[in-house]
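Subject: The structure I promised you

Hi there,

Here is the structure we talked about, together with some notes to read beside it. Have it open on your screen while you go through them.

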Amino acid sequence: SSDSSISTLISPGEVNDIPLPSRDPMQLMLLVNGVSTGGAATGINTSQMSINGSRSLNTEVLLDGVSVTTNTTGQLGQLPSPDALQEFRVMTSAYSAESGRTAGGMISMVVKSGTNQYHGGLYELFRNEDMEANNFFNNNRGITRPQDRYNQFGGTFGGPVWIPKLYNGRNKTFFFFNYDQTVQRVASIPINIVPSDAFKQGNFSSASILVYDPLAATPFAGNIVPASRINSASAKVMSLLPAANSPGTPDPLNSRSINNYINPQVLSNTAPKYTGRIDESLGAKDRIFGTINAWSANSPTAAT
């Protein structure tokens, strides 16, 4: 009766049991009335997040009481795995001053803490191309089903801090740790333009555009650049270019074929995350804690 705030608490059971696209805990906020966001179903855009019609940059997101929002863009820092969260609360209006500092809504996440009993768990989620169908465009080009493998695995463990013969933290000191790793192998099929073998050797006899000798200001005979006039460094570069492996699309204006080189490849993206928390009870009513949330990401770019 003394709290006028309107909020929705998503329980630990819901956090663990609800299937989340890409395992992003921010997907949980879409369960709350009045919340909208941009982006796709599998990757929401937090910079376009709005609660009860507020402006997109007016939503605050807290992790154990610390803001993880970039004020200039509204984007969020890397969040822990859903398995590391004890509480996910969305406050939509009339929240107290302790949750102020914003004209929009407030989202608060709390990392799990250890208890007097040791608890842990392991998990793995995976996707594999063997369970998928090839798409229409690959079938049309005769390209086999590309590799598409997504593995997200990790574990949690927590309990009282206990060091044999030195310290027993039961009822006083607790720890919790979560390791979460994502390994995604996705297909990338860049399509580019490469010159024909004749063009690489300076033979432009098939081209409708005349190639002029810069020294004589007249066209080369037969529209062919003599081998003696080709720079050795340029010739070396041309020899390193791959040959066309697709008919491509005719470009009559320039006497060539475009989009004639397809370079299918598999990229391996990794994103390990480490979340830890230490709690210390100072008495019946007081407790201090510290949380660490670290991550690194490796996302190579397709070679074109």
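Before the findings, one cut-off you will need: a residue is called exposed when its relative accessible area is over 50%, buried when that value is under 20%, and partly exposed in between. Also keep in mind that this is a predicted model.

Let's start with Ala-217. Its relative accessible area is 58%, so Ala-217 counts as exposed. You'll find Ala-217 in the loop between strand 14 (212–213) and strand 15 (218–219). Its backbone deserves a look too: phi of Ala-217 is near 60 degrees, a positive value in a residue that isn't glycine. For background, most residues other than glycine have a negative phi.

Asn-223 shows a positive phi as well, about 60 degrees, and Asn-223 is not a glycine either. Follow the chain to the loop between strand 15 and helix 4 (232–240) to find Asn-223. Is Asn-223 buried or exposed? With 6% relative accessibility, Asn-223 counts as buried, because the cut-off for that word is under 20%.

Next, the surface. Tyr-118, Phe-157 and Trp-162 form a nonpolar patch there, and together they have about 350 Å² of accessible area. Tyr-118 sits in the loop between strand 7 (106–111) and strand 8 (119–127). Tyr-118 is partly exposed, because its relative accessibility is 38%.

Now for some strands. Strand 9 (residues 149–160) is mostly covered, with 9 of its 12 residues buried. Which strands does strand 9 pair with? One is strand 8, in the antiparallel sense, over 9 bridges. Another is strand 12 (residues 173–188), again antiparallel, over 12 bridges. If you want pairs to click on, Tyr-123 has Gly-154 in strand 9 as its bridge partner, and Gln-152 stands opposite Thr-182 in strand 12.

Thr-275 has a relative accessible area of 1%, so it counts as buried. What does the side chain of Thr-275 make a polar contact with? The partner is the side chain of Asn-293, at 3.0 Å. Leaving aside neighbours within four places in sequence, Thr-275 is in contact with several residues, including Pro-80, Val-111, Phe-176, Asn-178 and Ile-292.

Ala-243 lies in the loop between helix 4 and strand 16 (249–251), and Ala-243 is partly exposed because its relative accessible area is 43%. Ala-243 and Val-194 are 49 residues apart along the chain, yet 7.0 Å separates their C-alpha atoms. Not counting residues up to four places away in sequence, Ala-243 touches Val-194, Asp-197, Lys-200 and Tyr-261.

The other one, Ala-297, is in the segment after strand 21 (287–295). Ala-297 is exposed, since its relative accessible area is 62%. Once neighbours within four places in sequence are set aside, Ala-297 is in contact with Thr-270 and Ala-271.

That's what I have for now. Happy browsing!

Definitions and conventions:
Residues numbered from 1 in each chain as written. Predicted model: local features only at pLDDT ≥ 70, side-chain atom pairs only at ≥ 80, totals over all residues. Heavy atoms only, no water. Patch = residues over 30% accessible without salt bridge, like charges linked within 9 Å, V, L, I, M, F, W, Y side chains within 5 Å. Areas by Shrake-Rupley, 256 points an atom, 1.4 Å probe, with all protein chains shown as cover. Salt bridge = Lys/Arg side-chain N within 4 Å of Asp/Glu carboxyl O. Helix = DSSP H or I, 4+ residues; strand = E, 2+ residues; numbered from the N terminus. Buried < 20%, exposed > 50% of the residue type's maximum accessible area, 1.4 Å probe, protein only. Pairing = 2+ DSSP bridges. Polar contact = N/O pair within 3.5 Å; in protein donor to acceptor, adjacent residues only side chain to side chain. Contact = heavy atoms within 4.5 Å.
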